[in-house]
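This briefing goes with the sequence and structure shown here. Please keep both in view while reading.

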Amino acid sequence: MPSLQQTITLVDASSKLLAISPVFYQLFRRSIAIILFLALWEIAPRLGLVEAAFLPPLSEVLLTGWKLILNGQLFTHLQASLSRSLIGFGVAVLFAIPLGLAIGWYKNFADTINPLLEMLRNTAALALLPVFILFLGIGEASKIALIIYACSWPILLNTITGVRNVDPLLIKSARTMGLSPVRLFQKVILPAAVPTIFVGVRLAGAFSVLVLVAAEMVGAKAGLGYLIIYSQYNFQIPEMFLGIITITLVGLTINYLLVTLERHFTAWKVVHTE
Amino acid sequence: MAHAGTLEINNLHKQYTVNGEPLTVLENVSLSIAPGEFVSIVGSSGCGKSTLLKLVIGLEDDYRGEILLDGNKIVGTSLQRGIVFQEHRLFPWLTVEQNINVGLLNNTELTEAEKFRSVKEHIKLVGLEGFENAYPYQLSGGMSQRVAIARALVNRPEVLLLDEPFGALDAFTRSYLQQELQRIWQEEGITMIIVTHDVEEAVYLGDRVVVMEPKPGRIKRVLDVDLPRPRDRNSYQFSAIRDRVYKEFSNAPHGGADLKVSGIATESITNWKLSW
């Protein structure tokens, strides 16, 4: 039987462990699934559970990645993809937010244009890729146009919803303070709609990367989508996986940046803690 | 010091159309309010008391009769008439200071420096120093309502309308804010009209208590409250007046709450939503 002294030391030690653990525990809980997934990726091909030629171990993919970084190829592809995504996304933001604000603000305009919007938003963006190529050729223009198209919908629809759903009590309250329609829009409608608009902007950020891959699979000479499809044709499987990983990282980064921006713009909202 | 307004309401009629049928919400309401007077309006739900305020603030102009402020017919909303609603209706993306400042956006008479000073003064008036940079979600219900009062007062209106301003607050906060409101009224010296269903609140605050009755909404009786301020809620005279007001309710011919009518009032707000 352990002595009392020993028991106390034990309890003390475990409570100390618990005291430092909350941060550690959180980190562990949040990363364990990813770590296990990556470990499985490394081990499964090595044990012969899957064909290593089709799914090379993670370390091999990363090693290939390092080579592509050193010879500058990865940068070339990344740059090509990012510029397409960002231009498409940027144009969509600049075009869809003002349009959405106008549609949401003018009720008659909204009622007239809504059926058309309903129809168009149900047309899959990728289904239109051949149309864009037909009109804009196989070069950059069709690719960027496709990204603009895909990114515009979530922004446009969320902006309209944001403007239409501003709390009528706030509008009424602003009217009692004699705010003119322009001031009302600027001081009440717009800030009240910002959180909803941002939902659309974040969705568009994700779409800009998703659609990119498909766009680059046709007639591109560089880009991450091109890297993936080209490597697959040439059976350079590690390169293919590297392309997939890089696209995932680009998507994550864009989302992270947009979330940060969103926090900045909606700092007034109630902070929800766990 | 703000100029206190004289409010004259003459033969006011107001109808809503419900399912194609006209429904009279206010019938022949006449009321004359002296400058600097504090008038309480009490009545059960559906007696049209909130509709009356809505007409005086100028959110609706489809009525018969006259509403005169200092002898001039009121048109639309105006900085001369401020209002505090039951919900504070603060803009959640603005701080306390910025929210109060919104009240001054349309004020062309004051310079920026004067506006800044006025905001500071009104934060002090409602006792919220130190909370200038807090966001609405960080405030309690009572504090939010103080901000709403400051925002309504910052333009130095001639008349302040209060539509059940403390209805959503707990009993302690409510009685404290009633005292505060009385102090503010005495400091500002402006005309105030409070609509409430709380008889004690009406007697505590009002120089006169206007009792309204529903179906159709009209004034039943106007009782004077000639007690010195601050009033003692437990005094004999206070209780006597309170009981007299209660009696007006108990022998009301129609009596009781009429939820249907208050539903109509809400609907009219929604209709209004996109009609600017």
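This is a predicted model: local features need pLDDT of at least 70, side-chain atom pairs count only at pLDDT 80 or more; totals for chains, interfaces and linings use all residues.

Residues are numbered from 1 along each chain as its sequence is written, and chains are lettered from A and ligands numbered from 1 in the order in which they are written.

**Contact between the chains**

- 18 residues of chain A are in contact with 23 residues of chain B (contact: C-beta atoms, placed from the backbone, within 7 Å).
- On the side of chain A that touches chain B, α7 (168-176) and α8 (181-216) each supply at least two residues; helices (H or I, at least four residues) and strands (E, at least two) are DSSP runs numbered from the N terminus.
- α7(A) gives the largest share of that side, 7 residues.
- That side of chain A divides into 10 nonpolar, 3 polar and 5 charged residues (nonpolar: Ala, Val, Leu, Ile, Met, Phe, Trp, Tyr, Cys and Pro; charged: Asp, Glu, Lys and Arg; polar: the others, Gly among them).

**Sheet of chain B**

- Chain B has an open sheet of 6 strands with mixed pairing, in the order β6-β7-β8-β3-β9-β10; two strands pair if DSSP finds at least two bridges between them.
- β6 (81-84) and β10 (218-224) of chain B are at the edges with a single partner strand each, so one side of each has no neighbour in the sheet.
- The twist from one strand to the next averages 20 degrees (axes are lines fitted to C-alpha atoms, for helices over the stretch in contact; angles run from 0 to 180 degrees between N-to-C directions).
- β9 (residues 208-213) and β10 of chain B run antiparallel and are joined by 6 bridges.
- Val210(B) is opposite Val222(B) in β10(B).

**Helix α4 of chain B**

- 11 of the 13 residues of α4(B) are buried, so the rest of the structure largely encloses this helix (buried: 20 or more other C-beta atoms within 10 Å of the residue's own, all placed from the backbone).
- These buried residues pack against β6, α2 (96-102), α3 (112-125), β7 and α5 (171-188) of chain B.

**Nonpolar core**

- Among the 124 residues of the largest nonpolar core, Leu146(A), Ile147(A), Ala150(A), Cys151(A), Leu161(B) and Ile193(B) touch the most other members (core: buried Ala, Val, Leu, Ile, Met, Phe, Trp, Tyr and Cys residues joined through C-beta atoms within 7 Å).
- Helix α6 (residues 140-164) of chain A supplies the largest share of this core, 14 residues.

Methods. Two residues are in contact if their C-beta atoms, placed from the backbone, lie within 7 Å. A residue is buried if 20 or more other C-beta atoms lie within 10 Å of its own, exposed if 12 or fewer, and partly exposed in between; C-beta atoms are placed from the backbone.
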